[in-house]
Amino acid sequence: MTETQNQAAPSALNETAAVRLRRSRFERIRILLSRAPLTAWFGMIVVSLYAIAAVFAPLLAPYGEAEIFAKADDIWSSKHWLGTDQIGRDVLTRLVYGARNTVGIALGTTTLSFLIGGGLGLIAAIDRGWIDQIFSRGIDVLMAIPSLIFALMLLAIFDSSIIGLILIIGVLDATRVFRLTRSVSLNIVVMDYVEAARLRGENMGWIMTREILPNILPPLIAEFGLRFIFVFLTIAALSFLGMGVQPPTADWGSMVRENAKWITYVPYFPFPDAMYYALKPLLPAGCIALLTIAVNFIVDWFLHETSGLRDV
Amino acid sequence: MSEAPNQSSLLLDMKNISIEGFSDERWHPIINNVDLTLHRGEVLGLIGESGAGKSTLGKAAMGYTQPGCRFTGGDVLFDGLELSRMNVRDLRSIWGTRISYVAQSAAASFNPAHRLLDQTIRASKRLGERSEQVLKNDAIDLFRRLNLPEPETIGNRYPHQVSGGQLQRVMTAMAMSPRPDLIIFDEPTTALDVTTQVEVLSSIRDLVAQFNTAAIYITHDLAVVAQMADRIKVLRFGEEVEQAETRTMLSAPEEDYTKSLWSVRSLEKPEQAGDDVLLSIANIDAAYGSSKVLHDVSINLPRGRTVAVVGESGSGKSTTARVITGLLPQLSGSVTFEGEQLPPKLRDRSKDQLRRIQMIYQMADTAMNPRQTVGDIIGRPLEFYLGLRGRDQERRVIELLEMIELDASFYDRLPDELSGGQKQRICIARALAAKPDIIICDEVTSALDQIVQEGILNLLQRLQDEFGIAYLFITHDIATVRAISDEIVVMWQGKVVEQGMKNEILSPPHPDYSELLLSSVPEMDPDWLDTLLAQRAAEGSKTIKAQD
């Protein structure tokens with residue numbers, strides 16, 4: 001009896017567990033991409049084009065950002081592919097620079113709101129005491145005020161410099177990031193490994209960045225994509241109202257506003273010119289819409305991949 | 001099967017079942033060519049380690065595979081119907097009515113927003129054969145037969161208003177309500193305390209016998225299956241190891257693997273008294289908010305010895321551990337470590353005090369950060385307490401891995417690439433890395449299969465012999481206590497009921513509570529449950545109370 005027992009003696013080494021294949025990061029990304037749906041590909045291509053336009057704006061744009069030509073409100077020509085605006089600046093150039101400015105500001109603002117909201121949300125979740133109460137109630141108060149109106153008010157009090165714009169929208173937007181971070185972190189904070197880290201004597205910084213953050217990253221990244229879009233739209237809206245990006249900096253929201261009047265004149269122009277005047281405000285608006293849709297496609301795909309909501 | 005029941009009573013006939021699961025971009029076999037037959041009124045026990053495919057096979061008997069799994073071969077013939085290739089709509093007319101399923105976690109299987117009675121009769125109502133009132137009366141009758149308290153009114157409660165054991169019995173009533181031909185029990189008592197388990201087991205067994213229902217009983221607890229099943233089938237790695245009638249299987253298993261399963265429960269260590277008290281807690285009172293959970297608890301832990309703290313859930317075992325570690329500062333009383341009082345609050349304790357008391361948790365899954373590799377997990381205390389970095393740290397991690405009978409190949413694995421036993425070993429290594437004097441083990445083996453439990457217990461014993469670590473071993477499992485402890489503390493409702501050396505506590509006479517607890521631990525004897533119930537009925541005074 002004893003010999004047979006020894007033969008069959010189990011060993012921890014041989015216990016079965018599903019060990020993943022050791023794949024390089026490149027391989028894993030390749031597998032992920034090979035499964036990406038068409039919409040995700042569309043989103044990725046559009047976003048990369050925008051990124052290229054933003055980064056290489058000075059090289060791509062035919063003229064300088066604020067370079068003024070003799071003829072204002074010119075229609076399409078070989079010299080100005082998309083014509084000139086009301087004071088004679090090249091529209092194509094303004095669109096390319098607009099990508100850089102609008103997207104850049106939106107990216108900076110979103111990053112700031114995630115630093116503030118994410119940081120405070122993590123602290124609140126770990127503390128769960130009076131710090132949590134103070135943060136949460138304060139955030140509730142901020143969220144009770146309609147954010148666009150609040151932003152307009154603050155921009156009127158301070159000035160609408162680019163830094164001011166980033167700070168104000170960043171702080172206002174951090175409220176939503178705070179709520180998300182806090183609620184997803186609460187699920188992680190109760191895990192035994194967080195308690196184990198606490199028992200080890202680890203400080204708050206370690207618990208925040210090493211124990212919790214890696215586990216809440218997927219929803220945060222998805223939220224980053226969505227918040228980016230909302231910030232982007234807010235900035236465009238503020239610029240449209242004249243309180244956002246100030247001239248001569250090129251910006252899509254301002255371009256829509258400056259050209260909005262042309263829509264009303266469209267019926268009075270003959271056919272080919274009518275098209276041109278209709279497109280004048282629609283081009284920057286289309287740029288905004290296209291980016292919004294593209295980022296949403298990517299976020300949808302990402303959420304689908306990380307949430308486990310997969311088709312069988 | 002010496003009696004050879006006639007062919008007409010054959011209810012379920014599964015032939016050459018093969019099932020694959022999809023993970024990591026590939027299809028892996030989960031079940032390989034397993035046959036299973038079941039006659040009306042027969043109870044088949046399916047046992048095996050986790051990952052052996054017993055749940056998958058159990059569900060396959062319903063013609064169901066989990067998302068991400070598929071049938072790759074074989075037939076499931078249920079009363080003349082071929083289930084494995086049937087479409088879902090037709091299957092639904094069978095599920096819940098002709099075949100029902102009792103899940104491990106009743107709490108997770110009930111809809112918290114509906115009353116128990118309505119949920120109990122849902123499937124039968126769908127059949128439309130009997131009126132709602134008839135069904136309700138029938139359900140109340142089932143509640144009564146299952147020994148539920150207040151059978152007339154308990155159905156009006158919501159799931160959160162009854163205890164876990166009661167909920168498990170309501171779920172059995174729900175499965176029984178349409179009078180199915182087959183019930184699949186998937187570890188129905190694993191999450192219950194031993195004292196509750198006895199009641200649930202006996203009521204399930206009676207009911208199955210009364211209605212001549214066939215059942216597949218899936219469990220990893222051999223002692224439980226010995227009480228329930230007529231026939232036992234052992235699975236391993238998705239293949240059948242052997243099957244036989246329960247008594248034959250228990251007395252004369254043929255395969256080595258089965259024998260090794262059977263021998264696990266015999267583990268026992270001689271007790272040793274220890275006089276050098278390392279940690280002592282005295283007159284501890286503690287509370288969560290305004291509800292007091294510990295009353296005047298005093299425990300001594302000698303150096304290099306194991307003190308087991310036993311009791312049901314809610315008895316204050318884990319709270320005691322939280323007081324010792326400083327997570328829950330006590331209201332009064334003291335925690336003394338090596339003659340020095342420990343500050344009640346965690347943040348007031350020094351790094352060295354923290355280092356010397358380590359903790360291992362019940363659920364190794366949640367005790368390890370899923371985003372950290374084994375190397376990070378074990379390496380962190382080395383860096384944090386001992387300042388080991390780089391090559392030194394890596395070398396020490398590998399040493400520790402070898403100490404827990406794993407090897408360097410585990411260094412860059414993530415927790416979800418480990419089996420349950422391996423995970424718990426990594427947690428032990430993490431505690432060991434700090435070179436502690438005391439390790440608090442909170443139900444460290446109760447989530448594991450028995451064969452894996454044995455390995456973990458042996459490992460802990462070896463580490464104690466080698467390094468003289470003292471264990472405070474919290475458990476509700478008496479077999480584990482027998483295997484590892486020197487001293488025993490019995491807790492009940494936040495108080496220490498009994499305390500002393502192992503043999504003294506485990507041998508009669510016991511206080512009433514200890515008696516109830518000790519006698520409820522299933523044994524590997526198919527007559528154990530009958531004997532126990534007869535005994536309790538005879539004594540009368542110790543009727544089982546179905547209350548928490």
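This is a predicted model: local features need pLDDT of at least 70, side-chain atom pairs count only at pLDDT 80 or more; totals for chains, interfaces and linings use all residues.
The domain assignment divides chain B into domain 1, covering 11-256, and domain 2, made up of 277-372 + 435-507. The C-alpha centres of domain 1 of chain B and domain 2 of chain B are 36 Å apart. Seven residues from domain 1 of chain B and seven residues from domain 2 of chain B take part in the contact. On the side of domain 1 of chain B that touches domain 2 of chain B, two residues are nonpolar, three are polar and two are charged.

Strand β6 of chain B comprises residues 99-102. Ile99(B) and Tyr101(B) point one way from this strand, Ser100(B) and Val102(B) point the other way, and all are buried. Strand β7 of chain B (residues 182-186) runs parallel to β6(B), and four bridges join the two. Within this pairing, Ser100(B) lies opposite Ile183(B) of β7(B).

An open sheet of six strands is also found in chain B, with the order β16-β17-β18-β13-β19-β20 and mixed pairing. The partner of β16(B) is strand β17 (residues 438-442) of chain B, paired in the parallel sense over four bridges. In β17(B), Ile439(B) is the bridge partner of Gln358(B). Helix α16 of chain B (residues 420-433) packs on the sheet and touches β16 and β17 of chain B. The direction of this helix makes about 175° with that of β16(B).

Conventions: Residues are numbered from 1 along each chain as its sequence is written. Chains are lettered from A and ligands numbered from 1 in the order in which they are written. Domain bounds come from an automatic or database domain assignment. Two residues are in contact if their C-beta atoms, placed from the backbone, lie within 7 Å. Ala, Val, Leu, Ile, Met, Phe, Trp, Tyr, Cys and Pro count as nonpolar, Asp, Glu, Lys and Arg as charged, and the others, Gly among them, as polar. A residue is buried if 20 or more other C-beta atoms lie within 10 Å of its own, exposed if 12 or fewer, and partly exposed in between; C-beta atoms are placed from the backbone. Two strands pair if DSSP finds at least two bridges between them. Axes are lines fitted to C-alpha atoms, for helices over the stretch in contact, and angles run from 0 to 180 degrees between N-to-C directions.
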